[in-house]
Amino acid sequence: MTFTDDLAAQTLSLRQQIHDMPFNTEMATGHLRRDVFQGYIVQDALYLEGFARALSLAAAKAPDSAAVAQLAGSAAGAIAVERELHTHYMDRFGVTEAMLARMAPSAACDHYVSFLLRTAALGPFAEAVAALLPCFWIYRDVGRDIATRSAPDNPYAAWIDTYSGEAFDESVARMMALTDRLGAEADGPARARMSEAFERACWHEWRFWDSAYRMDGWTQPADMPAPGQRAAAPTA
């Protein structure tokens, strides 16, 4: 068995729960509420910027030029997807620049990005790669799964096609191969840290989708604005 085979077995239940989440089952039928998807793509755009930064931090630690090129290319690809969200999905689903400017990262988005940036900046290279892998792997698997049961004329077909497509699959395969190589080279404690980082990132994937479906922001004390939002100016 490869290291990613071990990771798959370790997180099987959690990853299956992600496939079965209402967000993904309703996307497959085309019945996902429009406002839920609007909130999701805004949070995804905010997340992808942080994800690209984490990939760039990991690339700077890579031990060889091939890994540097791979992770730097993935960072550029994440930014390209963010731009596609702006030019295609946001226009198509009625998300305006004004709406985007008003929205701050949700607690789930902020927590996930902070975890990735902290791991990439402070952790060993192999641990950073393991933490970054679920965003590739889970999206590919969810996209493929939804594609097999997607309703005809699904309004979310463009999203489904992106993550179930061959181009994205190739990037996932490269990331899995890098993780397998690093796992094979690591000693027992290092492999355990990689496994822990991977499992934690899988949990963040679950939380991100759960938060998007429930349209969660930040739970706040009374009369306190959410992070990123200003309180109303006092009246005279």
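**View 1. The surface of the chain in this predicted model.** The accessible surface of the chain comes to about 11,500 Å², and carbon and sulfur atoms hold 56% of that area. The model shown here, and in every view that follows, is predicted. Turning from the surface to the interior, buried residues make up 47% of the 236 residues in the chain.

**View 2. The helices of the chain and its overall dimensions.** The secondary structure consists of 11 helices and zero strands, so that, read from the N terminus on, the elements run α-α-α-α-α-α-α-α-α-α-α. The chain is as compact as a globular protein of 236 residues, because its radius of gyration is 18 Å and the globule rule gives a value close to this, 18 Å, for that length. Taken along the principal axes, the box that the C-alpha atoms fill is roughly 65 × 50 × 30 Å.

View 3. As for the charges, the chain carries 20 positive and 30 negative ones, and the mean position of the positive charges is 4 Å apart from the mean position of the negative charges.

View 4. Cysteine 202, in turn, is in no disulfide, and the nearest cysteine sulfur to its own is that of cysteine 135. Cysteine 135 is buried, with a relative accessible area of 8%, and cysteine 202 is also buried, with a relative accessible area of 0%; for both, the value falls under the 20% that marks a buried residue.

**View 5. Threonine 179 and the residues that it touches.** Threonine 179 lies in helix H10, which covers residues 166-185. Threonine 179 has a relative accessible area of 0%, and it therefore counts as buried. Leaving aside residues up to four places away in sequence, threonine 179 touches Phe3, Thr4 and Leu7, together with Val129, Leu133 and Met194.

Note on methods: Residues numbered from 1 in each chain as written. Predicted model: local features only at pLDDT ≥ 70, side-chain atom pairs only at ≥ 80, totals over all residues. Heavy atoms only, no water. Helix = DSSP H or I, 4+ residues; strand = E, 2+ residues; numbered from the N terminus. Rg over C-alpha atoms; globule rule 2.2 N^0.38 Å. Buried < 20%, exposed > 50% of the residue type's maximum accessible area, 1.4 Å probe, protein only. Areas by Shrake-Rupley, 256 points an atom, 1.4 Å probe, with all protein chains shown as cover. Lys, Arg positive; Asp, Glu negative; His and termini not counted. Charge placed at Lys NZ, Arg CZ, Asp CG, Glu CD. Disulfide = S-S within 2.5 Å. Contact = heavy atoms within 4.5 Å.
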